Amino acid sequence: MKFREGQTAEYSKMISEADVYNFADICGDFNPIHIDEEEAEKSAFGKRVVHGALVASFISTVLGMYLPGPQTIYLSQQCNFLKPVFIGDTITAKVEIERIDEKGRATLKTDVYNQNGEQVIQGKARVKIPLESS
C-alpha cells in the first residue's frame with residue numbers, strides 16, 4: 001500500500017462495564033473511580049470513568065489494524081486527556097498521517113471523540129510505517 005499525507009482511518013467502540021473490569025484486571029489499575037460506583041459518586045465526575053489508557057489504546061487499534069496497519073511499529077505517543085469517558089460511551093479513535101519522512105517514519109494526528117462529537121483525547125504519534133509491498 002502507498003501511504004500519503006492526509007490519509008485517515010478510524011475505529012469506533014462502545015465501552016462496556018466488562019471492558020473496564022477486564023482492563024483493570026489486565027493492567028492492575030483498580031482505582032475506585034473506575035470500578036466502584038459508590039466511591040466514584042464522591043469524585044469530581046460523579047460516576048465511574050473509563051481508564052484513560054483504555055480509551056487511548058484504541059489509537060493503537062487504528063495504527064496496527066487500519067492505518068498504517070499490520071507491521072506498523074509504534075515509536076511514541078503523546079496524549080492530552082480533555083474530557084472523561086464514561087461506561088456506555090461510544091468512542092471513535094481517528095488517525096491522520098501528517099508527515100512521512102524519507103526513512104519511512106510518520107507523524108500522525110491521533111484524536112478520540114465521544115458519541116456527541118466531543119474531543120476526549122488530542123494526540124500525536126510517531127510510527128515506522130510498513131514497507132510497501134510490490
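Two residues are in contact when heavy atoms of theirs lie within 4.5 Å. With that in mind, welcome to this predicted model. Among contacts in the protein chain with a separation of 6 or more, 63% link residues 24 or more positions apart.

**The overall layout**

The protein chain has 4 helices and 5 strands. Some values for the whole chain are gathered here.

| Property of the protein chain | Value |
|---|---|
| Box filled by the C-alpha atoms, along the principal axes | roughly 55 × 30 × 20 Å |
| Accessible surface | about 7,500 Å² |
| Distance between the mean positions of the positive and negative charges | 10 Å |

Carbon and sulfur atoms hold 50% of the accessible surface. The charges number 15 positive and 19 negative. Of the 134 residues, 37% count as buried.

In soluble globular proteins, nonpolar side chains tend to be buried together. Here the largest nonpolar core has 27 residues, and Ile 15, Leu 108 and Val 112 touch the most other members. At least two residues of this core come from each of α1 (17-27), α4 (52-65), β3 (90-100), β4 (105-113) and β5 (119-128). The biggest contribution is that of α4, with 7 residues.

Leaving out residues up to four places away in sequence, Val 112 touches Val 55, Ile 59, Ile 91, Thr 92, Ala 93, Glu 118, Gln 119, Val 120 and Ile 121.

How values were computed. Residues are numbered from 1 along each chain as its sequence is written. This is a predicted model: local features need pLDDT of at least 70, side-chain atom pairs count only at pLDDT 80 or more; totals for chains, interfaces and linings use all residues. Side-chain values use heavy atoms; hydrogens and water are left out. A nonpolar core is a set of buried Ala, Val, Leu, Ile, Met, Phe, Trp, Tyr and Cys residues joined through side-chain atoms within 4.5 Å. Buried means under 20% relative accessible area, exposed over 50%, partly exposed in between (1.4 Å probe, protein chains only). Accessible areas come from the Shrake-Rupley method with a 1.4 Å probe; for residues, only the protein chains shown count as cover. Lys and Arg count as positive and Asp and Glu as negative; His and the chain ends are not counted. The place of a charge is taken as NZ of Lys, CZ of Arg, CG of Asp or CD of Glu.
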